[in-house]
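This briefing is for a reader who is meeting the structure for the first time.

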Amino acid sequence: MPELPEVETTLRGIRPHLEGRRIARLIVRNPRLRQPIPPEMPERVAGQTIRSLRRRSKYLLIGLEHGSLLVHLGMSGSLRVVTAGSPPRTHDHLDLILSDGGILRFHDPRRFGIFLWISMSPEIALVEHPLLCRLGPEPLENDFTGEHLYRSSRSRRVAVKSFIMDSAVVVGVGNIYASESLFLAGLHPARACNRIDQGGYERLAETIRLVLRASIEQGGTTLRDFVNESGAPGYFAQSLRVYGRAGESCRICGTLIRQQKIGQRSSFHCPHCQPQAIDAGSAAFFDEE
DNA sequence: CGTATCTCCTGCAAGC
DNA sequence: TGCTTGCAGGAGATAC
């Protein structure tokens, strides 16, 4: 399930194969993604040189001479670089064929992904495109702080897990990493976000960064679908402390990990390490230090 | 404005 | 064995 680390892994993997290359043509096998691919898209992008690649939230922005490609992997999407002649498999919906023979292949069984040409440059799209302009800070950049979380949460009362998964608050924290960072910060996922003090949010901002960085280093989390540009899985799944471990023992205290629905999403926590109310400093991660 | 719910889609696992 | 059902989930759209 592509969250920020998986998208970052994909970006780093495909960049050297794309930057500076010319697009020979675009083959659309199935235009029915989350937003349908317009029939004129192949002629719009053919012949253009790829100038830049960047990530914003879980979106990839591929800068062309005229406009950009806006790509989202949804929850089952992946991008691979394959060589000419490699046969497409089921759900290989798009091929971006480069003039050097390489092919960027978009695979997405559940078709929640997005692959669009937009007329704006990446720089303009970041501030003006409706899918990008309302996004919160990047968790691995300097404007994401505990203070930002604290201030943003004062007027709200949703569960803290739903709060950090809100892309207007901070981007890139999906279901897996939300559970993981709350565990390390010692915060119960169902706690009302306005009932966490600034110290709690300082810890949480730190563990969000920690978890995302660690996952990027391991090439992302592969539960079922995710593969990198070469088709290889990520290895962060073996580092997960609570996600998907309901009924198993907490790696810190041995208490059985509990699963509950929060905001329609499965959540995992350790009842001992993440009590409903905690003393400052009782967080699992900070106790390890 | 904040919150909760619905929706898209397919693959897999569980239950009968 | 083969059916049905439920679940997984990013995030926009919608209703209140």
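Where is the place of Arg110? Arg110 sits in the loop between strand E7 (102–107) and strand E8 (114–118); helices (H or I, at least four residues) and strands (E, at least two) are DSSP runs, numbered from the N terminus.

This is a predicted model, in which local features need pLDDT of at least 70 and side-chain atom pairs count only at pLDDT 80 or more, while totals for chains, interfaces and linings use all residues. Residues are numbered from 1 along each chain as its sequence is written, chains are lettered from A and ligands numbered from 1 in the order in which they are written, and side-chain values use heavy atoms, with hydrogens and water left out.

**Annotated sites**

- The UniProt annotation "binding site", from an unreviewed entry, covers His91, Arg110 and Arg156; such annotations may be inferred rather than shown by experiment, and the positions follow the numbering used here, with feature names shortened.
- These residues span 66 residues in sequence and the farthest two C-alpha atoms are 40.3 Å apart, so they do not all gather at one spot.

**Domains**

- Chain A is assigned domain 1 (4–128) and domain 2 (146–288), with bounds from an automatic or database domain assignment.
- The C-alpha centres of domain 1 and domain 2 are 30 Å apart.
- In the contact (heavy atoms within 4.5 Å), 19 residues come from domain 1 and 19 residues from domain 2.

**Contact between the domains**

- About 1,500 Å² is buried between domain 1 and domain 2, and carbon and sulfur atoms give 62% of that area; buried area is the accessible area (1.4 Å probe) that two parts lose on being put together, summed over both.
- Pro5, Glu6 and Thr9 supply 33% of the area that domain 1 buries against domain 2, more than any other three residues.
- Helix H1 (4–18) and strand E5 (78–83) each supply at least two residues of the side of domain 1 that touches domain 2.
- H1 gives the most to that side, with nine residues.

**Salt bridges**

- A salt bridge is a side-chain nitrogen of Lys or Arg within 4 Å of a carboxyl oxygen of Asp or Glu.
- The whole structure has 13 salt bridges, but the count between domain 1 and domain 2 is zero.
- Glu8 and Arg55 form a salt bridge through their side chains (2.6 Å, N to O).
- Glu8 lies in helix H1 and Arg55 in strand E2 (residues 52–56), so the pair ties together parts that are 47 residues apart in sequence.
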